[in-house]
Amino acid sequence: EKLKAFERLLNIMEDLREKCPWDRKQTMESLRHLTIEETYELSDAIVEADLDEVKKELGDLMLHLVFYAKIGSEKGAFDIADVLNSICEKLIHRHPHIYGDVEVADEEEVKSNWEKIKLKEGKGKKSVLEGVPKSLPALVKAIRIQDKARGVGFDWDNKDQVYAKVMEELNELREEEERSTENKKAIEAEFGDVLFSLINYARFIDVNPEDALERTNKKFIKRFKFLETESKKDGKEMGEMSLEEMDHYWERAK
């Protein structure tokens, strides 16, 4: 049944590419920004824990993957079978503890082996960090950089060390700010160090900083909308209330 469903999608893709003016016109480049948008929509659905929406967004992304494979086949570069076989071979090669005779003690050892194998596979790559996409958002990029560094053994021993580093970076930021408010680049550099160390600490306490920040964004939006709605019911206007008045509604929103 699963194979039939996938074959059905492939057949529909063939029809669309042949008969639909819009689909015929698309290229990998024209689809790129749409794929990014669909990925963020999937991310939203996951954060909201809306499984029905997750299913729909996965379908949209699956269409995009099949679309890219179809364009690849038209160029004589690869087809969907090549794509699927390639990922299968990669997974087998990078899981020697499953498909080979390598023994691992825990999840951390699996991750470490993954990065070491990946580095050996790299075509001319001289650094494990070259696998981090340049266009990733900065916060996500920091997570991936730290994960990859940890994978080859470059890491703190415990969370207390990382917490101490966070406090050290916060103090350095305050010192730089007090030293001169004119040197924006120096303050920005120290602020970046604070963020990087916080992301590191999040990893040690098993918190995904991207997810944590997004949930805080959503919480703020929900409370702020409550403030707007409820104050309007009371005949008050945003921008004309005092901070104390707005704080009253904010506390009610919690």
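**Close-up views of a predicted model**

**View 1. F220 is partly exposed, at a relative accessible area of 45%.** Here, buried means under 20% relative accessible area, exposed over 50%, and partly exposed in between (1.4 Å probe, protein chains only). This is a predicted model, where local features need pLDDT of at least 70 and side-chain atom pairs count only at pLDDT 80 or more, while totals for chains, interfaces and linings use all residues. Residues are numbered from 1 along each chain as its sequence is written, and side-chain values use heavy atoms, with hydrogens and water left out.

**View 2. F220, F224 and W250 make up one aromatic cluster.** Rings of Phe, Tyr and Trp (its six-membered ring) pair if their centres lie within 6.5 Å; planes under 30 degrees apart count as stacked, over 60 as edge-to-face and the rest as tilted. There are three aromatic pairs in the structure. F220 and F224 are a stacked pair, because their ring centres are 5.9 Å apart and their planes sit at 15°. Both of these residues belong to helix α11 (residues 209-233), four residues apart, or about one turn of the helix. Helices are DSSP runs of H or I with at least four residues, strands are E runs of at least two, and numbering goes from the N terminus. F224 is partly exposed too, with a relative accessible area of 30%. F220 also pairs with W250: the ring centres are 5.0 Å apart and the planes are at 55°, so this pair is tilted. Since F220 is in α11 and W250 is in helix α12 (residues 243-253), the pair ties together parts that are 30 residues apart in sequence. W250 counts as buried, at 18% relative accessibility.

**View 3. Six residues, M13, L31, V66, F67, Y68 and I71, form the largest nonpolar core.** A nonpolar core is a set of buried Ala, Val, Leu, Ile, Met, Phe, Trp, Tyr and Cys residues joined through side-chain atoms within 4.5 Å. Helix α4 (residues 51-74) supplies the largest share of this core, four residues. Contact means heavy atoms within 4.5 Å. Setting aside neighbours within four places in sequence, M13 is in contact with L63, V66, F67 and K70. Over in helix α3 (residues 28-47) you'll find T35, which counts as buried at 14% relative accessibility. Not counting residues up to four places away in sequence, T35 touches L61, H64 and Y68.

**View 4. Helices α7 (residues 107-121) and α8 (residues 138-151) pack at about 95°, with axes 8 Å apart.** Axes are lines fitted to C-alpha atoms, for helices over the stretch in contact, and angles run from 0 to 180 degrees between N-to-C directions. That puts α7 roughly perpendicular to α8; the label covers 65 to 115 degrees, with under 35 roughly parallel, over 145 roughly antiparallel and the rest oblique. On the α7 side, the contact uses E108, K111, S112, E115, K116 and K118, and α8 brings R144, K148, R150 and G151. By type, the contact residues split into no nonpolar, two polar and eight charged.

**View 5. A49 has a positive phi of about 55° although it isn't a glycine.** Most residues other than glycine have a negative phi. A49 lies in the loop between α3 and α4 and is exposed, with a relative accessible area of 59%. D206 is another non-glycine residue with a positive phi, near 60°. Look for D206 in the loop between α10 (184-204) and α11; at 72% relative accessibility, D206 counts as exposed.

Definitions and conventions:
Nonpolar A, V, L, I, M, F, W, Y, C, P; charged D, E, K, R; others polar.
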